[in-house]
Amino acid sequence: MSDFSSLNAALEQRRNNSLYRQRRLLESAQAAEVVIDGKPCINFCSNDYLGLANHPAVVTAFQQAANDYGVGSGASHLVCGHGQCHQQLEEELAAFTGRDRALLFSTGYMANLAVISTLLGKKDFVFEDKLNHASLIDGGLLSAARFQRYLHNDMDSLEKKLARAGEGRKLIVVDGVFSMDGDLAPLPALSALAEKYQAWLMVDDAHGIGVLGDSGAGCAEHFSLDQQQLPIVMATLGKAFGSFGAFVAGSEVLIESLIQFARPYIYTTALPPAVAAASLASLKLIRDDGGQRERLRHAISHFKQGAQALGLPLMVSDTAIQPLLIGSSEQAVSLSEQLAERGVLVGAIRPPTVAVNTARLRITLSAAHSEAQLQQLLAALAEVLA
Ligand SMILES: *Cc1c(COP(=O)(O)O)cnc(C)c1O
């Protein structure tokens with residue numbers, strides 16, 4: 001057992017099944033056009049939906065805060081790492097989402113672990129959509145609650161499970177926008193079921209925040225659900241915000257319970273203050289200027305119309321996530337490589353991220369894409385899928 005040769009079989013199997021993952025080397029800033037593995041490409045796989053990751057105002061806010069506060073936060077929030085930038089961002093995020101309070105986390109993954117494991121123990125129940133993000137699944141497992149996965153967006157399937165659950169706390173958890181499919185959770189119906197069965201409702205709005213709703217406040221704003229109707233909102237700052245980190249927004253008692261009891265909150269170093277300052281600059285751009293959201297909507301409809309005209313295998317999505325269903329992992333990888341040869345970067349998403357035989361090309365659109373770039377994408381897709 002002194003070497004790692006016992007791990008080789010699993011690596012070999014992954015390679016043979018076209019499931020091996022490889023990291024591409026990014027040699028430029030995150031933007032609509034990037035240099036990857038030495039080659040210029042148009043980028044259709046980033047989550048930087050609004051083009052803020054390299055926005056001058058966001059970069060400047062980061063630089064100024066680094067000058068004022070240095071780089072490292074030095075400690076966890078409960079020791080001495082909670083600074084003015086964090087505090088101000090939390091207050092602005094609470095106001096933005098229309099919730100009592102917001103709490104920053106270092107990553108979305110940790111926020112999800114934190115919420116689910118703090119609210120539930122082994123006598124309780126967690127109800128999760130089959131297509132939920134891995135971090136929500138892992139949060140459910142960490143909590144040790146009884147785990148119920150219901151069919152994707154199927155309210156009858158969920159209600160049957162809710163009705164059968166016994167005594168104990170109940171938490172329904174969903175992605176607001178499903179990350180590999182791009183469709184929305186039916187939050188008003190989920191909220192009604194949560195009320196009927198006295199369950200809590202939590203949404204992971206990683207792909208909705210900044211993008212959905214008139215002011216970009218996400219799926220809660222899109223569906224006009226207040227804190228009573230949608231009591232737990234988690235969202236990330238590494239996608240449309242173009243920054244890094246995550247937050248949970250909700251009632252005073254929810255947030256205070258997370259501060260006191262959530263281990264993924266307590267036992268980790270606070271975000272660098274400059275990262276919080278950058279997120280604050282993004283928040284102002286998102287809230288005060290709907291222009292980027294408008295450009296993104298335009299890019300989505302332009303792409304969908306073009307893809308429909310070409311007869312491409314679009315899925316049911318009106319969001320920036322526009323997957324093309326391929327099926328075989330091998331074929332998805334081959335198509336992604338052929339697109340890369342044409343200077344178009346699109347990820348091949350394979351099991352276990354998605355179900356077996358549902359490998360797909362996951363195209364993500366951004367406000368930063370020009371019409372010419374969208375045309376190039378469509379032309380390349382027409383060539384490789386024809
Ligand atoms: C990206 C993502 C996360 C994780 O957020 P990080 O801040 O990157 O850890 C959680 N949930 C969903 C749905 C995501 O897409």
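Trainee: Which helix lies across strand 10, strand 12 and strand 13?

Mentor: This is a predicted model. The helix in question runs at about 35° to strand 13. It covers residues 329-341 and is helix 14.

Trainee: In what order do the three strands of the open sheet stand?

Mentor: Strand 10 (321-327) and strand 12 (347-349) are edge strands with a single partner each, so one side of each has no neighbour in the sheet. Neighbouring strands are turned by 30° against each other on average, direction ignored. The pairing is antiparallel, and the order is 10-13-12.

Trainee: Which helix gives the most residues to the shell around the ligand?

Mentor: The ligand is surrounded by 13 residues, with Gly 108, Tyr 109, Asp 204, His 207 and Lys 239 the closest. By class, the shell has two nonpolar, eight polar and three charged residues. Three residues come from the helix spanning 108-119, the top contributor, which is helix 5.

Trainee: How much of the ligand's accessible area does the protein cover?

Mentor: A polar backbone atom of Gly 108 is 2.7 Å from an oxygen atom of the ligand, and one of Tyr 109 is 3.0 Å from an oxygen atom of the ligand. His 133 places a polar side-chain atom 3.4 Å from a ligand nitrogen. Of the 380 Å² of accessible area that the ligand has on its own, the protein covers 81%.

Notes
Residues numbered from 1 in each chain as written. Predicted model: local features only at pLDDT ≥ 70, side-chain atom pairs only at ≥ 80, totals over all residues. Heavy atoms only, no water. Pairing = 2+ DSSP bridges. Helix = DSSP H or I, 4+ residues; strand = E, 2+ residues; numbered from the N terminus. Axes fitted to C-alpha atoms, helices over the stretch in contact; angles between N-to-C directions. Contact = heavy atoms within 4.5 Å. Near = heavy atom within 4 Å. Polar contact = N/O pair within 3.5 Å; in protein donor to acceptor, adjacent residues only side chain to side chain. Areas by Shrake-Rupley, 256 points an atom, 1.4 Å probe, with all protein chains shown as cover. Nonpolar A, V, L, I, M, F, W, Y, C, P; charged D, E, K, R; others polar.
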